[in-house]
Amino acid sequence: MTQNSPPNGASPQETADAPQPEESAFSGNRPEAQIPATPGAQKFLAALALVAPLTLLALAAALAWPAFLGNSQYCPHEAAGILAYHQSAAKGFWLSPMSAGLAHWPGFFWLTGGLEALLNASAPQWAHMLFPLAAFCGAGVCLLAVWGLCRAAGLNSTEALAGSLVLLCSPLFAPLVVLAAPEGLAAGLTLISLAFLCRGWQKERAVLLLPTGFVLAGLAGLTGGLFYLAVPLAASVFFLFWRGAFLRAQGLDGLLGFVLLLALAAVWLGCLMLWKQPEGYLRSLSQNLLLRPDAASLKPMLMAAVGLLPWTAVVACVSWARVLRTAPQDLRASRGEKSGTAFLWLALLAGSLLCLMAPAPVGAALCLAALAAPLLGKAVVRLSGTGSRLFALITALLFLHVGMALAAAHFGFTLDRMAQMLRFTLDPSLREALLGLTALPVLGGLCIIAALILARLARRQTHGGGCGVLLACTVLTILLAQPAHFLLAPGLHSLPQTSLLGLETILTPAQPAESATSTPENAQPAPHKNAPVAPDNGDVSAVPPVEEKPAQENPAQSTPQAAPDPQPEQAEQQEQPEQAHGDARMPDVPNAPDRPNIPEAKEI
């Protein structure tokens with residue numbers, strides 16, 4: 001065996017794709033020793049990495065398939081988008097979707113419209129799957145974008161798959177697969193744009209990569225807002241300054257990409273100005289572009305950190321002594337040719353700074369989680385034996401606490417005790433609703449079983465390393481998603497606090513309230529308060545008779561003689577019966593002035 005031949009007869013490709021131990025946060029190209037891990041978990045993850053896109057789509061489908069069965073419920077954020085889609089599609093406002101005075105970015109509506117046209121052409125009987133399918137497409141694009149960004153940054157296939165699985169197994173991604181909203185698609189387009197820009201800026205000339213990256217950044221902005229557009233641009237600026245090659249942006253490919261980005265925005269705005277659009281669309285859209293940083297601006301970072309549990313705990317399991325020892329050399333090496341990992345860190349830094357001004361904390365948190373997933377996945381795969389056992393133990397403790405909390409929320413005594421320990425006041429209606437959720441003890445028991453499995457992995461000397469923990473968490477995530485869909489979701493839908501609505505309820509227009517002054521067709525008009533009333537005994541003799549006037553002759557044939565003026569008292573007596581009869585027929589006019597009291601007519 002020669003000096004350069006791989007050990008154990010392994011092929012060069014398997015040797016290149018094999019996970020390596022911890023290394024610097026920036027370099028990613030300094031393997032030191034083989035991980036003491038079981039070959040089974042390592043080889044199985046490497047085999048899945050060969051068909052990573054299909055693996056990720058299959059796992060996402062395993063999470064989302066109950067939503068395709070129908071009877072989906074949507075939160076108010078989703079309901080507003082669904083209503084805007086139907087109203088805008090009916091009126092042809094594909095560039096400016098808007099409903100109830102709230103403007104939406106058009107990118108997600110273009111995806112939904114394309115899926116609807118495809119369903120109508122191929123399978124009209126599956127029309128009810130439109131919005132669950134759109135949610136699944138957004139989540140799938142986000143997962144594949146994480147994998148593509150890892151590969152563009154220079155990580156091997158196993159580390160790229162691990163980064164995507166980290167996002168898949170996080171609590172933040174679980175509702176994303178069924179969320180009919182643009183957050184998943186916008187984050188995916190942002191990461192794909194970063195992948196093209198990462199590969200393009202490292203080359204001397206990239207006529208296709210850089211323009212494509214800029215155009216994708218523009219589409220991400222049209223899908224989610226200015227935050228998703230600004231992240232690729234800021235990451236590019238930071239990366240060029242880091243490498244000391246800012247003049248690279250003056251190349252023909254960079255200028256062409258920036259011009260195409262401006263042209264995309266100009267075409268969209270020009271079409272809005274030339275064609276008919278909803279009134280106040282641009283004004284409503286401009287109110288939610290950026291926000292001023294304040295104390296609440298840290299919410300996206302906190303949501304991303306909690307949403308990535310337990311993977312953020314891997315920071316405590318990395319051998320930082322080894323990392324800091326080689327950090328100076330690796331920092332210098334990251335400014336050279338192979339600097340993809342440095343681009344990942346700078347993109348995460350740019351997203352963390354821009355999320356302080358993001359108007360939507362959920363979308364910003366999802367984008368930050370997707371940017372951190374490649375770095376966390378690389379760290380998980382490269383954990384040493386001691387670090388991976390510590391990480392498995394931390395993960396087991398988290399599952400144990402979550403399981404006990406879910407099980408305790410189903411029983412009154414333990415729920416009240418938990419509320420006292422955490423010092424929060426529980427609303428009585430919410431307390432009754434939690435006690436009625438029978439799925440909570442089931443999910444709690446499954447989490448406790450998962451904790452026992454992970455604890456068993458932490459005790460064993462040969463447990464598969466970080467790859468074994470990652471595969472175990474993937475299987476546990478798929479298993480926990482099924483009772484959550486079939487047992488927990490129906491109970492949550494019945495709670496009025498969740499404000500979940502069905503598709504028919506969202507699309508059914510509100511019935512206008514009936515006017516209080518409207519009268520039925522068969523209802524008799526109310527008589528005037530001064531009109532004479534018939535006696536109860538049915539005697540009609542007491543009702544004053546109505547004097548009939550003789551028909552007048554045609555003025556063209558004969559000229560009437562001038563009659564003497566009647567006396568005032570006689571004229572009043574003659575007009576009283578007719579006026580009383582007219583009042584009995586006419587309904588009461590609310591705004592009319594009160595008439596004077598008319599004395600009772602005398603019988604002539």
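Tutor: The answer begins with the patch, then moves to its surroundings and the rest of the chain.

The model is predicted: local features require pLDDT of at least 70 and side-chain atom pairs pLDDT 80 or more, while totals for chains, interfaces and linings use all residues. Residues are numbered from 1 along each chain as its sequence is written, and side-chain values use heavy atoms, leaving out hydrogens and water.

W65, L69, V442, L446, I449, I453, F486 and L487 form a nonpolar surface patch of about 700 Å². A patch consists of residues with over 30% relative accessible area and no salt bridge; nonpolar side chains (Val, Leu, Ile, Met, Phe, Trp, Tyr) are joined within 5 Å, and like charges within 9 Å. A salt bridge here is a side-chain nitrogen of Lys or Arg within 4 Å of a carboxyl oxygen of Asp or Glu. Areas follow the Shrake-Rupley method with a 1.4 Å probe, and for residues only the protein chains shown count as cover.

Two or more patch residues come from each of α21 (439–459) and α22 (465–493); α21 gives the largest share, 4 residues. Helices (H or I, at least four residues) and strands (E, at least two) are DSSP runs, numbered from the N terminus. An α-helix has 3.6 residues a turn, so residues three or four places apart point the same way. V442 belongs to helix α21 and is partly exposed, with a relative accessible area of 37%; buried means under 20%, exposed over 50%, and partly exposed in between (1.4 Å probe, protein chains only).

H410, in the loop between α18 (385–408) and α19 (412–422), is by contrast buried, at 17% relative accessible area. A polar atom of the H410 side chain lies 2.9 Å from the backbone oxygen of L437. Apart from residues up to four places away in sequence, H410 touches L434, L435, L437, T438, L440 and P441, where contact means heavy atoms within 4.5 Å.

As for the whole, the protein chain has 24 helices and 4 strands, and 42% of its 604 residues count as buried. Its accessible surface is about 33,100 Å², of which 64% belongs to carbon and sulfur atoms. Among contacts between residues at least 6 apart in sequence, 81% join residues at least 24 apart.

Notes:
Polar contact = N/O pair within 3.5 Å; in protein donor to acceptor, adjacent residues only side chain to side chain.
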